[in-house]
Amino acid sequence: MTNQELSLPELRTRFLGRPTFHYREVESTQDILRQLAAEGALHGTTVLADHQTQGRGRQGRIWFSLPPPQLYASVLLVPPLPDLKVGVLSIAAGLALAQAMEEHGIADTRVKWPNDVTVNRKKASGILAERVILRGAAPAVLLGFGINITASLDHFPAGLRDRATALSLHARDRIGPDRFRLLGTILADLERFYDEIVRGDPSAVQLGFRKRWLYRDRQIQIRIGNRLFTGVADEIDPDGALLLQCGSGEALRVVSGEILPF
Ligand code: BTN
């Protein structure tokens, strides 16, 4: 596991990706970044890897790693607001990813609350936001995202083939975007959302969500704890919670839940 500091091409950010450390293979970029954060890494420090051997997903799941090179990244955020909710940062990351993919020639990029980005309605990317407390007690967030850049369908296990995809399968050249350029665009888009959030104005995230929400105007079924709810949810609140209007007339604010295939 060796790393080198990488200059992302045409990086248009003030702090995200400065610096970026690039690894060929790691267990998990989240763990490398956690260690760097403990050693005093700067706000915006980014760890990028082509391959992970123990990638982590939400709720203790494994994040399946395709043959390299893919794009696995973790970004250190040290927000000036101690009570900033990670939910809204996850949605902002999803929107930045979807927007950047589109800027790199991929059509039909959407977000699936709380943490997925889909292309042509299949999952191409997942986001994992973990809170950490730094030395000096500052709360920070390790914002990780994995993007399937290149694959053929038979690279996916049979159970995932209908639900997962890679950008190369949707790119005109069937190669997919250059991952370093794509990361640069993601970081620039994410930085804009982040600046607005910490200024106390998450409205661009809320609007972006309405525009790219996978189930806009459609019914969803969602599991919250061990209960199932059905309804329409076209908005998030400023913290990133999903606002669900149930068929029963009940309105719910969902902080954590799982949308089920309908
Ligand atoms: C999910 O869909 O459950 C979230 C997946 C998050 C995967 C990314 S890849 C980069 C970072 N490192 C990890 O170990 N996980 C996140």
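**Close-up views: cavities and a sheet**

Two cavities of 30 Å³ or more are counted in the predicted model. A cavity is a set of points on a 1 Å grid over the protein atoms alone where a 1.4 Å probe fits but cannot get out, and lining residues have an atom within 4 Å of a point. Residues are numbered from 1 along each chain as its sequence is written. Local features need pLDDT of at least 70, while totals for linings use all residues.

**View 1. The largest cavity and its lining.** This cavity holds about 40 Å³ of space, a volume being the space filled by probe spheres set on the points. Its lining is Pro79, Leu81, Pro82, Leu84, Arg131, Pro139, Ala140 and Val141. Strand S8 (residues 139-147) supplies the largest share, three residues; strands are DSSP runs of E, at least two residues, and helices of H or I, at least four.

**View 2. The second largest cavity and its lining.** About 30 Å³ of space lies here. Among the lining residues are Ser90, Ile91, Gly94 and Trp113. Helix H2 (86-103) gives the most, three residues.

**View 3. An open sheet of five strands.** The order is S12-S11-S10-S9-S13, with antiparallel pairing; two strands pair if DSSP finds at least two bridges between them. S12 (251-254) and S13 (258-260) stand at the edges with a single partner strand each, so one side of each is left without a neighbour in the sheet.

**View 4. Strands S9 and S10.** Six bridges join S9 (residues 219-224) to S10 (residues 227-236), and the two run antiparallel. Isoleucine 224 has arginine 227 in S10 as its bridge partner.

Technical notes:
This is a predicted model: local features need pLDDT of at least 70, side-chain atom pairs count only at pLDDT 80 or more; totals for chains, interfaces and linings use all residues. Side-chain values use heavy atoms; hydrogens and water are left out. On a 1 Å grid over the protein atoms alone, a cavity is a set of points where a 1.4 Å probe fits but cannot get out, and a pocket is an open set with protein on both sides within 12 Å along at least five of seven lines; lining residues have an atom within 4 Å of a point.
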